[in-house]
Amino acid sequence: MKKREIILLFSIFCCLVGLAVFIVNAKREAASVQPNKGQTKVFHLYAADMEQEVSQGTTLYSWGFGLWDPKKNAPASPPSVPGPEIRVKEGDHVKVVFHNQQKEVHTIHFHGVDNSFAGDGTTDISQHPTMKNDSFTYEFDAKKAGTYYYHCHVEPDRHPEMGLYGAFIVEPKQAKYKTDGEFTLLLSERDPLLSLAEGTEAHQYVGTAAEHLHLDGEYDTTERKAKYYTINGKVDPEIPPLHVKEGGTYLIRLINAGSEVHTFHTHGHHFKVVASDGRDISHPMTKDSITIGPGEKYDLLLKADNPGIWPIHCHMGPHATHGMHMMMVYDQYHDKMNHGSMSPVSEVKHHLALLKQYKFEKNYESMKPEIKDIIQGIQGFYSIAASEHFEEWTALDNAAAAVSKELNSPMNPTVMEKAINNLEQNINAMEQILQSGDMS
C-alpha cells in the first residue's frame with residue numbers, strides 16, 4: 001500500500017508540475033502576442049466657430065473640429081475645415097472624446113466604421129446630442145483597415161456642410177501596397193446662404209462670401225445652391241498640388257464628405273480602384289474617372305508614369321469651374337508651374353478679410369498690422385497699374401491710408417465702417433482693372 005501511495009503521490013506531483021509549466025508558458029505566449037493586438041489610441045476633439053477661408057480673401061462663417069488639450073482644458077489646435085485627420089492602426093482600440101465648444105448641439109458619426117450602437121452618433125437614437133461645454137466619449141475597435149471619415153450627425157443637411165467633417169484612416173498592420181506616398185482628398189460644397197443663415201442666427205461675422213447676400217425668409221436646405229466646390233476645404237487655385245516623382249506609385253484616398261455627386265478625373269493617367277468604403281476590391285478596376293456619391297470612399301492607386309503638370313478635377317463642369325480643380329506636378333516640372341493665374345490683389349483681399357473680421361470682433365489692435373500689409377500690397381502693384389490708371393491707384397492708396405488714420409485716432413465705429421467699405425470698393429475696382437489685362 002505504501003508503495004502504491006508513493007506512486008500515486010508522485011503522479012499527482014508530476015501532474016501539478018506539468019500544469020504549472022503549461023500555465024507559465026501560456027502566460028508568456030499571451031504576453032508575447034499582446035502587442036500585436038493593438039494599442040489604445042485616445043483623441044480629444046472639439047467643435048467651435050471659425051472663419052473658413054476657401055480662397056484668399058474669401059471667407060465663410062463655419063464650424064470646425066480641432067484638437068483639444070484635456071490637461072489645460074483648452075484648444076490644442078485651432079478649428080479647421082476639414083477637421084484633423086485621425087490615423088490609427090488596424091486592431092487598435094480607439095477612444096475619441098468630443099468636447100462641444102459651439103452653441104449648437106452635435107454628435108460624431110464615424111462613417112463606415114462598424115461601431116457599437118452606443119457609439120454610432122445618431123441623435124436621440126444611440127445618444128442624446130452633446131450640449132455646449134459638455135463632452136461625450138466614443139469607443140470602438142478599429143477592426144478593418146481602410147479609408148473612412150467622421151462627421152456630425154445632427155441635422156445632416158446643415159452641420160457637415162458648415163464644416164464638421166474630417167478623415168479617419170485605419171492603416172493596415174502590414175502594408176498592402178508598396179507606395180511612394182499617399183494623399184487624402186475630401187470633397188465637399190458650400191452654399192454661402194447657409195453660412196449667412198447660421199451666422200446671422202449666431203450673431204457672428206458671416207464672412208466676405210456671404211455678408212452682402214440677403215435671405216428671403218428662412219433658409220430652406222431643399223433650395224440649397226452650392227457656389228463653392230471644395231477639395232480639403234479650399235477652391236482652385238488655393239488647393240495645394242499633388243507633388244509626385246516619375247515612376248512613383250501613390251495611394252489616393254478619395255472621400256465625398258458633401259451632399260452632391262462628383263466625378264473624379266485625372267488627366268494623362270489611369271488609376272486602379274483597389275478599395276471601396278473600407279473594403280478591398282478583389283478585381284481592381286483601371287479607370288481615369290470615377291463617380292463618387294455622398295458618403296462614399298475609394299482607395300485609388302496611381303502610377304506616375306507620364307511626366308508633366310496635369311489637372312485633376314471633378315468632371316461635372318460647374319463643379320470644376322467653381323473650385324473643384326487642382327494639379328498634379330512632377331518633380332522636374334515645379335519651376336514650370338504657372339502661378340500667374342492668381343490675381344495680384346488676392347493677398348490684399350486676404351488681409352482685408354482679416355481686417356473686417358477683427359473689426360467685427362472689436363479687436364482693433366489686430367487690425368493695425370493688417371492695414372499695414374494692405375498698404376504694402378498696394379505699393380507692390382504700383383508699377384503694374386499706376387502708369388495707365390494712376391487716379392484709380394491713388395484712390396485706392398488714399399482709401400487704405402484713411403483706414404490707417406482711423407485706427408490711430410479715437411475710435412468712431414461709423415466712420416471706420418465707411419472707410420473700410422470705401423477701401424473694399426477701391427480694391428474690387430483695381431482687381432477688375434488687373435484681371436482685364438487692359439492697361440490702356
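Q: Which residues of helix 2 are buried?
A: This is a predicted model, and in it the buried residues of helix 2 are P192, L194, S195, L196, A197, E198 and G199.

Q: OK, and how enclosed does that leave helix 2?
A: Largely enclosed by the rest of the structure, because seven of the 10 residues in the 192-201 stretch are buried.

Q: What do those buried residues pack against?
A: Three strands: strand 2 (58-69), strand 10 (181-190) and strand 11 (228-231).

Q: And what's going on at the ends? What caps the N-terminal end of helix 2?
A: D191 does, with a side-chain oxygen 3.0 Å from the backbone nitrogen of L193. Past the other end, helix 2 is followed by H203, which has a positive phi near 60°.

Q: Back to strand 2. Is strand 2 mostly covered or mostly open?
A: Mostly covered: 10 of the 12 residues in strand 2 are buried.

Q: What sheet are we looking at, and in what order do the strands run?
A: An open sheet of five strands, ordered 3-2-1-5-7, with mixed pairing. Strand 3 (74-75) and strand 7 (135-141) are the edge strands, each pairing on one side only.

Q: How do strand 1 and strand 2 pair?
A: They run antiparallel and are joined by 10 bridges. One of the pairs there is E51 with Y61 in strand 2. The hairpin they make has two residues between the strands, and G57 takes a positive phi near 85°.

Q: What about strand 2 and strand 3?
A: Antiparallel too, with two bridges. D69 stands opposite A74 in strand 3. These strands also form a hairpin, this one with four residues between them, and N73 in the turn has a positive phi of about 50°.

Q: So where does the parallel pairing come in?
A: Between strand 1 (residues 40-55) and strand 5 (residues 93-100), over eight bridges. T40 has H93 as its bridge partner in strand 5.

Q: Zooming out, how many helices and strands does the protein chain have?
A: Eight helices and 20 strands. The chain has 440 residues, and 46% of them count as buried.

Q: Last one: what share of the contacts join residues at least 24 apart?
A: Among contacts between residues at least 6 apart in sequence, it's 73%.

Notes. Residues are numbered from 1 along each chain as its sequence is written. This is a predicted model: local features need pLDDT of at least 70, side-chain atom pairs count only at pLDDT 80 or more; totals for chains, interfaces and linings use all residues. Side-chain values use heavy atoms; hydrogens and water are left out. Two strands pair if DSSP finds at least two bridges between them. Buried means under 20% relative accessible area, exposed over 50%, partly exposed in between (1.4 Å probe, protein chains only). Contact means heavy atoms within 4.5 Å. A polar contact is a pair of N or O atoms within 3.5 Å; within protein, one must be able to donate a hydrogen and the other to accept it, and residues adjacent in sequence count only if both atoms are side-chain atoms.
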